[in-house]
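Subject: Structure handover

Hello,

Here is the structure I said I would pass on. My notes follow below it.

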Amino acid sequence: MKNSTEHPLLTVNHLTKHFQIKRGFPKSVSYTVKAVDDVSFHINRKEAFGLAGESGCGKSTVGRCVLRLIEPDSGQVFLQETDITGLKDQELRSIRKKMQIIFQDP
């Protein structure tokens, strides 16, 4: 049974990442791609978690935002009780040693 004071290993709250794309020459057109839009989940200790979906749906972008390899536009990511969305580079480097993405090669 889970201890009531134990926090999830990873918590993602309302993660959002949009990209601004410009296309065309000489007149460029800008549009927004909503790669990740309000994604939330948590992972408990000793729990397996997989993120599945169609090609281009934002799975890799979620992983990169969680590790802050790319910065999310909004939302929060907690590793245990630590909010990593506000960490500085030095603090982030040390905490990344505890995190890893495993991409599946089709």
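**Surface patch**

Phe19 counts as partly exposed because its relative accessibility is 30%; partly exposed lies between buried (under 20% relative accessible area) and exposed (over 50%), with a 1.4 Å probe and protein chains only. Phe19 is found in strand β1, residues 10–23. Strands (E, at least two residues) and helices (H or I, at least four) are DSSP runs numbered from the N terminus.

The model is predicted: local features need pLDDT of at least 70, side-chain atom pairs count only at pLDDT 80 or more, and totals for chains, interfaces and linings use all residues. Residues are numbered from 1 along each chain as its sequence is written, and side-chain values use heavy atoms, without hydrogens and water.

Together with Val29, Tyr31 and Val33, Phe19 forms a nonpolar surface patch of about 310 Å² accessible area (Shrake-Rupley method, 1.4 Å probe, only the protein chains shown counting as cover). Strand β2, residues 29–43, gives the most to this patch, with three residues.

**Helix α1**

Lys59 lies in helix α1. Is Lys59 buried or exposed, or something in between? With a relative accessible area of 26%, Lys59 is partly exposed. Lys59 and Phe103 are 44 residues apart in sequence, and their C-alpha atoms are 9.8 Å apart in space.

Regards

How values were computed. Patches are made of residues with over 30% relative accessible area and no salt bridge: like charges are joined within 9 Å, nonpolar side chains (Val, Leu, Ile, Met, Phe, Trp, Tyr) within 5 Å. A salt bridge is a side-chain nitrogen of Lys or Arg within 4 Å of a carboxyl oxygen of Asp or Glu.
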